[in-house]
Amino acid sequence: MSEPPVRQVTITPLLKKLSAPPPMDNSVKAEDIALAFSRTFENQLSGTQTAALLTLLHSTGRDRHPDVIAKCAESMRNAAVQVDAQALKDVVKRRKRGLGSYRGGLCDIVGTGGDLHSTFNISTTSSIIASPILLMAKHGNRAQTSMSGSADVLNAILPKPPRIEALSAELLPQAYEHTNYTFLFAPNFHPGMKYAATVRRELGLRTIFNLMGPLANPVEDQIEARVVGVAYQELGPVFAQALALSGARKAMVVCGQEDLDEISCAGKTNCWLLRELPNPKYKGDHNKEEDDDTSDDEAEPRYIAKVETFAVGPEDFGLPSHPLSEVGGGKLPRQNAAVLMSMLRNERSPDDPILHFVLMNIAALLVVSGACDADTCESGEVIKETGPGGLRWKEGVKKARWCIESGRALEEFEKFIEFTNRL
């Protein structure tokens with residue numbers, strides 16, 4: 001059955017303002033741009049106007065403004081297929097996955113892509129391996145700027161891949177009754193994106209859509225902690241501010257000094273940490289367990305975030321450095337899937353460069369979540385040594401190794417495969 005016709009609207013006044021010379025273009029607000037994007041998701045803009053909007057935002061640099069990124073990502077989430085938030089909260093609360101200052105909420109690790117280094121599927125692999133400790137809600141799609149995107153590599157898993165297209169918004173809370181790991185396949189949750197797909201492909205530009213993805217997780221409101229990789233240094237502080245404007249309080253933006261959207265195994269990585277702090281204006285009891293982080297009148301959040309900047313290197317994780325040429329992932333999805341599964345089965349050499357690369361990125365997420373703050377854990381004696389930012393990076397690697405060596409990461413992934421194949 002064909003879709004009913006949609007009444008198209010015009011954004012010509014906005015386009016004229018965006019194309020005006022300074023300072024006349026200062027009258028354009030982030031809210032106005034976000035409203036135009038909401039029309040895109042509803043198929044109310046012509047291809048010409050969509051292309052003009054994306055091009056003007058790119059040429060004026062507006063698509064790198066924190067408030068524009070945050071507001072446009074919000075409009076994208078609002079247009080998404082909505083998850084039953086209360087049902088999801090209830091099942092997460094029942095799981096009681098807290099450790100250290102990690103309260104058991106959902107977590108994500110994602111990159112903007114576009115760094116042109118063609119490395120292995122680091123964030124996808126890291127999200128799976130972290131799942132014995134963290135409740136993961138990995139948001140991803142097919143390849144946009146590489147040969148093997150997160151969805152591509154999962155679809156290539158042998159002998160039986162997860163049916164990622166079967167996990168709908170309606171079934172997501174149920175999934176967490178069975179496993180700590182879920183993969184939220186973007187087309188299932190963001191059907192409105194298809195209306196801009198042709199324009200994006202024909203433009204050939206990296207547009208604001210590439211930047212909104214890490215902030216468009218369909219369960220954004222319930223993400224407790226995340227690591228976001230960006231493809232160039234200038235975007236680091238911009239994205240940290242966009243995350244703060246979106247309400248994130250426990251997050252880290254990373255960019256390898258080679259302009260890599262991961263924690264680099266080759267050298268230093270610049271980090272912008274959103275450190276969660278108690279809000280002095282919060283009127284409730286910080287020590288009291290509550291369903292959310294707002295006071296009764298919802299005037300002030302329980303926590304706020306402070307942005308701190310530092311750099312980390314492989315030595316801070318207790319690992320050697322490896323050139324990026326040794327961790328290439330510009331192969332076919334089935335080849336990357338084979339590497340992923342060999343890692344989950346603990347078949348890689350302890351000194352394998354790709355394993356070290358993955359371990360550092362898992363460790364970063366575990367550190368940011370607060371799970372490494374605990375002074376006791378299943379993986380044995382805690383490494384309390386701290387590094388940049390006063391954080392326990394080596395303990396993060398130790399926990400990441402335990403997730404693999406205990407077989408728990410493979411177990412959680414197999415539960416996800418089994419659940420989605422029953423749908």
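Two strands pair if DSSP finds at least two bridges between them. Helices (H or I, at least four residues) and strands (E, at least two) are DSSP runs, numbered from the N terminus.

This is a predicted model, where local features need pLDDT of at least 70, side-chain atom pairs count only at pLDDT 80 or more, and totals for chains, interfaces and linings use all residues. Residues are numbered from 1 along each chain as its sequence is written, and side-chain values use heavy atoms, with hydrogens and water left out.

**Strands.** β2 (residues 135-140) and β3 pair in the parallel sense over 5 bridges. Lys138 stands opposite Phe183 in β3. Strand β3 (residues 181-185) has 5 of its 5 residues buried. Buried means under 20% relative accessible area, exposed over 50%, partly exposed in between (1.4 Å probe, protein chains only). Tyr181, Phe183 and Phe185 lie on one side of β3, Thr182 and Leu184 on the other.

**Cores.** A nonpolar core is a set of buried Ala, Val, Leu, Ile, Met, Phe, Trp, Tyr and Cys residues joined through side-chain atoms within 4.5 Å.

| Core | Size | Residues named |
|---|---|---|
| Largest | 85 residues | Leu134, Met252 and Phe413, which touch the most other members |
| Second, separate | 46 residues | Leu45, Ile69, Met212 and Ala240, among its members |

**Glu220.** This residue sits in the loop between α11 (208-212) and β4 (223-229). Glu220 is buried, at 6% relative accessible area. A polar contact (a pair of N or O atoms within 3.5 Å; within protein, one must be able to donate a hydrogen and the other to accept it, and residues adjacent in sequence count only if both atoms are side-chain atoms) of 2.9 Å joins the side chains of Glu220 and Arg226.
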